[in-house]
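Good morning, and thank you for coming. I shall present one structure today, and I ask you to keep it in view as I speak.

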Amino acid sequence: MASVQFSNVTKTFGEFAAVSDVSFSIGDGEFVCLLGPSGCGKTTSLRMIAGLDTPSSGQVLIGGEDVTHFHPKDRQISMVFQDYALYPHMNLADNIAYPLKVRGKSVSERHGRAREVADVLKIGHLLDRLPSQISGGQQQRTSLARALVYPSQVYLFDEPLSNLDAKLRLEARGFLNHLQRDMGMTAVYVTHDQAEAMALATRIAVMDQGRIVQYASPIEIYRRPATTFVANFVGNPPMNLVAVDAVQGDGQLQLRADGVTLAGLAMSSGIGTALGAGKTLTLGIRPEHLGIAEPGAANTISGKLFANENMGPESLVTIERADGSRVTARIFTDDHIAIDEAVTLGFASGHVHLFDGAGARIAAEGETAL
Amino acid sequence: MSNQPTTSGQPKRKVKNFALLSNWAGAVFLTPAGLLVAVFVIVPFFWVIFVSFTNRTLLGSTALNPQFVGLANYLALFDPANFFQRGQFGFSLILTTQFVLASALVGQALLGLLLAWLVQTVPPWVKRITETFVIAAWILPEVVIGFAWFAFLDRDQGTLNALLGSVGLPPGDFLLQQPFWVIVVFNTWRGAAFSMMLFSSAFSSIPPSYFQAADVAGASSWQKFRDIGLPLIRGHIVTDLILITMWTFNTFTPFLLTNGGPSYRTELVSIYNYRVAFNDFQFGKGAAVGVIMMLINLAFALVYLSIGRKKTR
């Protein structure tokens with residue numbers, strides 16, 4: 001196992017910068033998820049660690065060694081591909097043992113090792129089948145087995161679970177989590193599924209438009225999203241973002257928006273001087289921190305019911321505000337609410353996030369107590 | 001080929017057939033083409049079979065009143081006394097077999113495979129230039145190609161001898177000294193494009209992740225070719241080999257370079273057939289050669305079709 005380091009890495013395809021000036025480091029034994037929407041540069045970053053793409057500028061280090069221009073085979077890495085990349089003409093044993101074959105190992109050693117790994121991944125009984133004769137989940141495990149069959153410094157995963165159906169994906173996710181804890185492997189895992197990243201990663205790098213927006217532990221990213229982009233990307237459903245105006249009133253700065261009461265949210269002096277009156281800010285509240293409240297109470301958002309989706313243990317209640325924007329709450333109740341009925345959602349002042357006009361987080365005093 | 005829909009074995013669906021034309025109008029449009037095919041393909045096909053059992057010639061009494069001679073023409077072709085002599089049917093059949101082996105199976109297919117594999121990894125512009133040149137050799141008209149090669153190989157004014165002379169090598173009269181190898185090289189050069197294009201598109205249809213996974217696993221270029229590329233295009237290779245075997249077996253273009261000579265050393269069956277029928281004017285015997293060639297082609301075609309059918313199933 002080894003560390004991975006990116007220093008000032010840029011990758012351009014013609015005019016388009018897929019990754020621009022990205023620097024970060026992954027510690028030995030860390031499981032890092034690169035999380036972001038399509039085209040954010042996460043897969044390109046992974047491919048540069050693998051050596052399948054070469055940076056336009058900057059360096060990639062594995063275990064402290066500059067491998068920027070190394071061929072993939074000289075990097076001692078393993079990779080699991082999104083489409084699994086299993087060879088259709090080889091049975092599972094040969095697929096799993098292929099990395100050993102190219103290393104010139106004997107047939108008996110290859111098959112012995114393939115069986116060991118396959119048994120761990122519970123596909124030992126399928127070794128003489130072809131990839132087309134097994135299920136998607138088993139194919140996923142086979143490609144994982146091929147990555148684990150030889151010792152590697154870093155394990156790379158390119159959206160390995162995205163081709164599985166929802167139930168299998170949960171199962172495979174738990175299995176990967178267990179495996180990582182068991183082996184203590186250094187892993188880089190690309191995904192666009194925030195739940196996958198939250199569940200697996202020791203640290204998450206949230207990427208957008210070729211840059212890393214935030215690189216922190218899952219809990220930090222959930223509790224203190226650095227920007228509105230992160231706030232909107234992590235969490236299911238995502239954080240509600242409400243535009244509010246900063247105005248001078250009663251001798252201190254206050255935040256106002258139609259249908260929103262913010263009584264307990266006395267602006268600290270630090271924020272007030274940083275922002276000044278007349279600016280538009282963004283208020284962020286996670287759906288799980290909203291509940292049904294009495295109209296007129298402190299710290300509420302009100303509107304008309306737009307949708308009420310029963311999810312089993314909870315309901316997703318979405319209201320439409322006067323300006324047409326929507327706010328969703330996760331509410332653990334089965335009360336019936338009629339469409340177009342006026343609904344007021346309340347929240348605790350401690351669960352409020354503030355972002356400035358550019359979308360960057362405004363650190364509130366006492367935020368650490370969140 | 002493999003993804004062509006087959007109607008056999010599928011349940012008949014009651015879908016309305018949205019034809020552009022009524023059956024009657026369709027028949028009207030088909031008639032001219034049908035007539036041409038009948039006159040120039042179907043009638044000659046049976047006519048050749050008929051003529052091969054007669055002693056029809058261009059001149060003399062048998063020109064007007066050909067007689068039915070049974071299998072005499074065939075027996076003459078397969079006469080053990082002179083079957084393998086130069087200028088005889090057996091000689092040209094063996095020559096053609098050697099020609100197919102050397103120029104089609106080894107030359108075109110191997111060179112095409114090599115080129116197709118190499119252009120997978122080069123920058124796109126190198127790939128485009130290579131493909132352009134190789135295809136140019138393939139699409140130019142036969143007469144142009146024949147004349148260009150004749151000029152290239154000419155003993156006194158030829159480009160090849162000029163090139164050899166400039167590096168201090170002695171000139172040669174290749175068309176006289178090595179006529180067989182000249183037509184082998186010529187046919188390889190001429191036909192490698194087809195194999196290359198077919199293999200190239202076959203390689204391109206393999207998901208790139210297969211090769212990337214092999215890269216990460218540590219495979220060399222040769223290992224990727226042997227373990228992944230080659231097994232995954234096996235079907236295309238069989239198709240290619242059968243097609244180029246048929247084409248090379250029937251090719252007549254070497255005639256433009258050597259006239260089948262010197263002293264019958266490049267007389268392939270197609271050229272032999274032409275000489276017997278249109279130089280010696282022995283229509284009956286020429287027709288018999290034609291029938292035998294058709295049977296050989298039919299055998300290849302049946303093998304090809306049966307493999308194609310296996311793949312679609």
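I begin with a pair of helices in chain A. The axes of helix 2 (residues 92–102) of chain A and helix 4 (residues 136–148) of chain A come within 7 Å, crossing at roughly 30°. Axes here are lines fitted to C-alpha atoms, for helices over the stretch in contact, and angles run from 0 to 180 degrees between N-to-C directions. Helices are DSSP runs (H or I, at least four residues), numbered from the N terminus. The crossing of helix 2 of chain A with helix 4 of chain A is right-handed, that is, the near helix is turned clockwise from the far one by less than a right angle.

A word on the source: this is a predicted model, in which local features need pLDDT of at least 70 and side-chain atom pairs count only at pLDDT 80 or more, while totals for chains, interfaces and linings use all residues. Residues are numbered from 1 along each chain as its sequence is written, and chains are lettered from A and ligands numbered from 1 in the order in which they are written.

Which residues of helix 2 of chain A meet helix 4 of chain A? They are Leu92(A), Asn95(A), Ile96(A), Tyr98(A) and Pro99(A), and they meet Thr142(A), Ala145(A) and Arg146(A) in helix 4 of chain A. Contact requires C-beta atoms, placed from the backbone, within 7 Å. The residues of this contact comprise five nonpolar, two polar and one charged.

I turn to the domains. Chain A is divided into domain 1 (4–232) and domain 2 (239–369), with bounds from an automatic or database domain assignment. Their centres, taken over C-alpha atoms, are separated by 38 Å. Eight residues from domain 1 of chain A and ten residues from domain 2 of chain A make the contact.

The largest nonpolar core has 100 residues, and Leu156(A), Val188(A) and Tyr189(A) have the most contacts inside it. At least three residues of this core come from each of domain 1 and domain 2 of chain A. Such a core is a set of buried Ala, Val, Leu, Ile, Met, Phe, Trp, Tyr and Cys residues joined through C-beta atoms within 7 Å, where buried means 20 or more other C-beta atoms within 10 Å of a residue's own.

Finally, the two chains. Their contact takes 14 residues from chain B and 16 residues from chain A. On the chain B side, helix 10 of chain B gives the largest share, seven residues.

Note on methods: Helix = DSSP H or I, 4+ residues; strand = E, 2+ residues; numbered from the N terminus. Contact = placed C-beta atoms within 7 Å. Nonpolar A, V, L, I, M, F, W, Y, C, P; charged D, E, K, R; others polar. Buried ≥ 20, exposed ≤ 12 C-beta atoms within 10 Å, placed from the backbone.
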